[in-house]
Amino acid sequence: MYVHWRDTLQLASKLNVIRIINAIKITLSYLISRITNQPGIQGLPMSISVEPTTACNLRCPECSSGLRSFTRPTGRISLGQFNQILAQLATHSTYLTFYFQGEPYLNPNFLEMVQRAHEKQLYTATSTNAHFLSDETARDTVKSGLNRLIISIDGISQESYSNYRKDGELNKVLTGTRLLVEWKKKLNSPTPVIIWQFLVTAGNEHEIPALHKLAKSYQVDKVALKTIQVYDHSRGNSLIPTQERYSRYRKLPDNTYQIKNKLLHHCWKMWSSCVITWDGQVVPCCFDKDASHPMGNLFSRPFAEIWNDIPYRNFRKELLTSRSSVEMCKNCSEGTRIWA
């Protein structure tokens with residue numbers, strides 16, 4: 001509980017008059033749009049996700065990066081390009097996630113980007129498989145000012161871990177975690193908040209009680225159990241947990257599966273946040289992994305123009321009236337983490 005409030009205060013400390021006014025504008029726009037079914041919007045996104053790179057060292061079976069299945073261009077963002085993003089969005093936005101697809105630490109400029117965002121008083125977060133956390137990198141991560149670091153662990157034995165994290169080594173995850181905790185102590189730093197994220201599958205759900213004990217021994221700040229997304233879930237998948245409380249899907253009497261969440265005709269994310277790919281494409285949310293709904297490129301057009309232009313307005317309108325027709329929304333599940 002203490003860690004939760006400390007983290008919340010870290011986020012609140014990033015607010016100023018401009019960001020508070022922007023948040024009020026976005027919230028009111030969203031509420032009015034839901035009432036009127038019209039996609040009006042005022043303000044700029046409160047939260048943005050930036051993709052450091054599409055590259056990844058692992059081969060996870062339900063991940064576009066792991067499968068190497070992108071049809072969009074792949075690569076990594078440059079420091080100069082990231083500065084362009086900050087110049088357009090740092091004033092109004094509050095929360096910056098350094099993640100979309102790929103492993104952020106494979107971009108050699110990643111921690112320098114974090115530091116620059118930190119200097120702009122943005123709350124910063126990322127997600128990593130923790131295979132590149134050497135002693136030096138762990139130290140630099142703590143010094144960068146990163147607020148939140150999600151570490152994917154997905155198993156507490158090498159066998160269960162590699163069942164999903166193909167080509168991964170659990171020992172590297174544990175070593176990286178230990179080094180981060182040690183450097184937080186050495187530098188007397190409350191950040192980053194270290195979260196072990198456990199993607200619950202049929203192969204590791206039995207390990208959840210032992211996971212909590214292991215996390216405590218490593219002095220991890222939080223544990224988050226995450227439900228797995230399966231692209232073709234209707235006929236079932238060997239990865240889907242047997243315990244329904246850990247699954248996004250419900251098994252039906254005919255042995256098919258359906259997603260548990262009802263698909264409502266609205267989406268807060270379309271008003272409050274966006275994702276920016278490594279090459280500058282603005283896409284609606286993290287479910288658009290292949291950038292199938294590009295709204296414009298902020299390296300060639302001002303972001304504010306893209307945010308308020310016809311393609312974005314039309315997309316928001318479609319979500320308000322017929323969200324079930326948008327393919328990427330069909331497997332969407334908000335609240336996919338179970339804090340534990």
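In this predicted model, strand S2 (residues 95–98) runs parallel to strand S3, and the two pair over four bridges. Tyr-95 stands opposite Tyr-123 in S3. Between S2 and S3 the chain passes through helix H5 (residues 110–119), and this β-α-β crossover is right-handed. S3 also pairs with strand S4 (residues 148–152), again in the parallel sense and over four bridges. In this pairing Thr-128 stands opposite Ile-151 in S4.

How many residues of strand S3 are buried? Six of the six residues, 123–128, are buried, so the strand is largely enclosed by the rest of the structure. In a regular strand, side chains alternate between the two faces of the sheet. In S3, Tyr-123, Ala-125 and Ser-127 point one way, while Thr-124, Thr-126 and Thr-128 point the other way, and all are buried. Tyr-123 has a relative accessible area of 1%, and because buried means under 20%, Tyr-123 counts as buried.

A search of the whole structure finds nine aromatic pairs. One of them joins Tyr-30 and Trp-271: the ring centres are 5.6 Å apart and the planes are at 65°, so the pair is edge-to-face. Tyr-30 belongs to helix H2 (residues 17–36) and Trp-271 to helix H10, so this pair ties together parts that are 241 residues apart in sequence. Are these two residues buried or exposed? Tyr-30 counts as buried at 8% relative accessibility, and Trp-271 is buried with a relative accessible area of 0%.

Tyr-95 and Tyr-123 also form an aromatic pair, this one tilted, with 4.7 Å centre to centre and 40° between the planes. Tyr-95 lies in strand S2 and Tyr-123 in strand S3, so the pair ties together parts that are 28 residues apart in sequence. Elsewhere, Phe-82, Phe-98, Tyr-105 and Phe-110 form one aromatic cluster.

The remaining topic is empty space. Rolling a probe the size of a water molecule over the atoms shows where such space is left. The structure holds one cavity of 30 Å³ or more, and about 70 Å³ of space lies in the largest cavity. Its lining consists of Cys-267, Lys-269, Met-270, Cys-285, Phe-287, Phe-315, Leu-319, Arg-323, Met-328, Cys-329 and Cys-332. Helix H10 (269–272) and helix H12 (310–322) each supply at least two residues of this lining. Sorted by class, the lining of the largest cavity has nine nonpolar, no polar and two charged residues.

The second largest pocket has a volume of about 360 Å³. It is lined by 16 residues, of which Gln-229, Tyr-231, Phe-287, Glu-327 and Met-328 lie nearest its centre. Phe-287 and Met-328 are also among the residues that line the largest cavity. By class, the lining of the second largest pocket has four nonpolar, seven polar and five charged residues.

Technical notes. Residues numbered from 1 in each chain as written. Predicted model: local features only at pLDDT ≥ 70, side-chain atom pairs only at ≥ 80, totals over all residues. Heavy atoms only, no water. Buried < 20%, exposed > 50% of the residue type's maximum accessible area, 1.4 Å probe, protein only. Pairing = 2+ DSSP bridges. Right-handed = clockwise from strand over helix to strand, strands pointing away. 1 Å grid on protein atoms, 1.4 Å probe; cavity = no way out; pocket = protein on both sides within 12 Å on 5 of 7 lines; lining within 4 Å. Points joined across faces, edges and corners; volume = space filled by probe spheres on them. Nonpolar A, V, L, I, M, F, W, Y, C, P; charged D, E, K, R; others polar. Phe/Tyr/Trp six-rings, centres within 6.5 Å; stacked < 30°, edge-to-face > 60°.
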